[in-house]
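Here are some exercises to work through with the model open on your screen. Try each task before you read its solution.

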Amino acid sequence: MRALVNILKYTVPILWILLLFIGTRDPISFFLSILAFYSIYLLLSISLNLEYGFTGIPNFGKVMFYAGGAFVTGALSSRLIAPFIGISWKYLEKFKTYNVIVSTQVSRFFMQRPDVGVSIFVLMLLLGVLIGAFLGLIASYPAIRLREDYLGITLIASGELLRIIARNYDPLIAGTYGVMVPDPFYWLSGISHEIFRVGVMMSIAASTWIIVELLIKSPFGRMIRAIRDNELAAEALGKDVVKVRMKVLMIGSSIAAIAGVLYAFYLGSVQPDDFMPIKSFIVWVMVILGGAGNNKGAALGALLYLSIDRTIITLKNYLLVPFDVNNLAYIIIGCLFILVLMYRPEGLIPEKSGESIIKLSPKLLSKVKKNYNKSL
Amino acid sequence: MFSLDVILDALIFSNMISLMAIGLTLTYQTLKVPNFAHGDLVTLGAYAVLFLYKTFNVNPYLALPLAFLIPAFFSLLTYLLIYKPLSDRGASIVVLMIASIAVEIILRNMLHIFADVMRNLQKTYYRSLILREKNILLGGFSIPPVAISSTLTTIFVASIIYLFLTKTKLGVAMRASIENPGLASVLGIDVNKVYSISWFIAGGLAGLAGLFLPYRMPADPEIGWGLLLKVFSASILGGLDNIFGAIAGGYIIGNVEYLGINLLSRPPINLSTSYRPALPLIAMILALLFVPKGITSINMRKIKKWLRRQ
């Protein structure tokens with residue numbers, strides 16, 4: 001029975017997504033876009049899982065770090081290269097008006113020089129990691145000092161602060177209109193372009209997954225779980241809780257920033273109003289739905305959220321109701337989420353508890369239990 | 001230094017923020033969880049008033065009981081159906097917080113759907129709604145009536161709550177069960193009932209703030225989040241444990257936002273006025289980092305001693 005449930009857990013969302021193909025005109029690009037968004041969501045849910053699921057830092061401001069990566073890409077990706085390829089200074093000075101022209105010309109330049117395009121992509125990823133780590137360092141200042149509720153409010157407020165600044169400070173990413181991002185893989189065309197782009201995103205997500213898995217199985221991973229379960233005990237054993245939390249926030253934030261960079265490159269534009277606080281909530285939905293404290297849960301949660309989201313987008317064309325279907329979708333997701341919190345707070349894939357170093361055989365275990373009960 | 005209009009704007013806004021902050025503080029004290037849906041209760045109140053005004057042409061001030069009752073019952077329902085079962089199951093603060101964000105999203109999207117459906121039914125706008133009224137002349141100044149009505153309401157609410165908490169049996173029971181729920185229930189106080197009343201009053205006060213909202217800013221389903229962060233700023237400045245601290249925090253935040261941006265947008269700094277929503281957030285972050293227990297925790301004696309030493 002349990003095995004059946006386990007199989008169903010994975011197959012149902014996948015079948016669900018396959019069902020959606022019936023309603024699409026272009027199944028290949030639909031599939032590729034699902035993969036692309038899945039890699040972004042996977043990165044976000046892994047990073048929150050590392051912070052909340054494994055270390056117990058409730059980061060309600062995930063969107064801030066996600067936006068950080070996207071804003072850096074939007075602000076720098078075309079401007080870094082533009083002065084070297086003879087784009088006139090006039091355009092760069094009035095970036096708000098001319099950013100479309102600048103980014104198109106930079107994309108065209110990438111057509112002749114694929115190496116420059118790829119290196120800009122890599123450079124942006126590195127810059128994203130740096131910015132994410134920096135923002136994480138800033139966020140760790142309140143995260144170490146404040147209680148969970150105050151921390152949540154502070155992080156939400158700082159995310160909003162970043163968004164308000166991006167909206168109003170035009171030189172950054174051209175204010176409310178947003179900014180165009182050049183395409184680093186412009187030298188490929190047609191379907192191979194899409195496949196290559198999505199493949200790169202998927203491989204980045206997959207390698208991040210592997211790194212985080214390795215991190216969690218390392219002594220560091222055991223330490224962060226110990227801190228989550230009993231901070232005082234960990235401190236008594238000589239672990240520097242403050243420093244560890246800071247490290248985890250920096251790692252988690254840089255993963256979120258990578259997601260932001262990928263999102264900006266994938267969409268080809270960055271708009272500040274894309275980074276509303278609801279995005280952080282969606283990441284929470286993914287982690288709690290799938291099961292906090294293990295990466296499989298985070299991956300499943302991201303898949304489930306994506307399938308619900310895509311269903312709504314597909315249904316939008318068929319449902320005739322006098323309101324926006326998106327609103328209905330959010331209500332359904334909210335209700336589902338509250339039900340999960342009430343009836344299955346550990347998520348669909350619960351964390352395996354008591355993974356001790358010495359594995360006892362069931363016989364021995366029952367003996368130990370018996371003796372323990374006797375001694376009581 | 002400031003024109004009368006700016007001062008009145010700041011006053012009206014401060015009144016609204018204070019009304020909301022009282023409610024937020026009340027609910028925070030019960031379950032020790034910040035209610036993220038509080039901002040949307042304000043929108044709910046505003047939409048209740050606007051619906052009556054648009055459909056039956058009821059004067060918004062006459063719709064006051066409904067503006068109080070609808071959000072109050074909604075708030076009570078969320079407590080009874082969501083927060084209480086969750087906290088009975090031993091959910092952590094983080095889980096309660098995330099549940100309240102879910103409630104916020106459900107309520108906001110319900111309001112979106114309501115606005116869309118009503119627009120299609122009545123063929124009028126149901127978003128970005130503003131109510132207008134004629135200014136009245138008072139001692140040579142032309143003053144918008146909402147400045148007077150909102151101030152009176154805030155004073156009335158503050159005094160009623162003060163009397164309720166200190167002079168009535170229920171109010172004393174409420175304070176007792178907030179202070180020490182275990183001990184209070186041993187002494188025969190129905191803690192659950194007391195908490196329900198807190199949530200009811202909190203929702204109602206948010207609705208009252210919603211009554212004044214469309215006179216000053218366009219009422220829209222999306223407005224809740226923005227308001228919420230301002231209310232949090234006010235409550236945190238007030239210390240989250242004291243209703244009068246919340247009122248003081250509300251006035252500080254309201255004035256910081258309106259008078260502050262007015263000062264900052266003048267020649268030496270020339271900040272764009274679109275940064276206005278950022279000011280309360282900065283005030284809150286500074287308050288959290290330097291006076292995390294709120295302004296009521298500032299020890300005046302120590303400051304006086306320090307000043308004397310200088």
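**Exercise 1. Find the loop that holds Lys123(B), and decide whether Lys123(B) is buried or exposed.**

Step 1: Lys123(B) sits in the loop between helix 4 and strand 1 (136-138) of chain B. Helices here are DSSP runs of H or I with at least four residues, strands are runs of E with at least two, and both are numbered from the N terminus.

Step 2: For burial, count the other C-beta atoms (placed from the backbone) within 10 Å of the residue's own: 20 or more is buried, 12 or fewer is exposed, and in between is partly exposed. Lys123(B) has 7, so it is exposed.

Step 3: Check the backbone too. Lys123(B) isn't a glycine, yet its phi is positive, about 55°. Most residues other than glycine have a negative phi.

Before you go on, a word on the ground rules: this is a predicted model, where local features need pLDDT of at least 70, side-chain atom pairs count only at pLDDT 80 or more, and totals for chains, interfaces and linings use all residues. Residues are numbered from 1 along each chain as its sequence is written, while chains are lettered from A and ligands numbered from 1 in the order in which they are written.

**Exercise 2. Now do Leu240(B): where is it found, and is it buried or exposed?**

Step 1: Look in the loop between helix 9 and helix 10 (243-264) of chain B; that's where Leu240(B) is found.

Step 2: Leu240(B) has a positive phi of about 60°, and it is not a glycine.

Step 3: Count the neighbours: Leu240(B) has 24 C-beta neighbours inside 10 Å, so it counts as buried.

**Exercise 3. Sketch the overall build of chain B: how many helices and strands are there?**

Step 1: Chain B has 12 helices and 2 strands. Walking from the N terminus, you pass α-α-α-α-β-β-α-α-α-α-α-α-α-α.

Step 2: Compare the radius of gyration (over C-alpha atoms) with the globule rule, 2.2 Å times the number of residues to the power 0.38. Chain B comes out at 20 Å, close to the 19 Å the rule gives for 310 residues, so chain B is as compact as a globular protein of that length.

Step 3: Of those 310 residues, 49% count as buried. Helix 8 (residues 191-216) of chain B has 26 residues. Of these, 20 are buried, so helix 8 of chain B is largely enclosed by the rest of the structure.

**Exercise 4. Describe the side of chain B that touches chain A: which helix supplies the largest share?**

Step 1: Contact means that the C-beta atoms of two residues, placed from the backbone, lie within 7 Å. By that test, 37 residues of chain B are in contact with 35 residues of chain A.

Step 2: Helix 3 (64-88), helix 4 (93-122), helix 9 (223-237) and helix 11 (278-290) of chain B each give at least two residues to this side. Helix 4 of chain B supplies the largest share, 17 residues.

Step 3: Sort the residues on this side of chain B: 31 are nonpolar, 5 polar and 1 charged. Nonpolar covers Ala, Val, Leu, Ile, Met, Phe, Trp, Tyr, Cys and Pro; charged covers Asp, Glu, Lys and Arg; the others, Gly among them, are polar.

**Exercise 5. Switch to chain A and follow helix 2: where does it bend?**

Step 1: Helix 2 (residues 27-55) of chain A has 29 residues. Ser29(A) is found in this helix and, with 13 C-beta neighbours inside 10 Å, counts as partly exposed.

Step 2: Helix 2 of chain A bends by about 35° at Asn49(A). The bend is the angle between axes fitted to the seven residues ending there and the seven starting there.

Step 3: Gly56(A) follows helix 2 of chain A, with a positive phi near 85°.

Note on methods: The expected span of a helix is 1.5 Å times one less than its number of residues.
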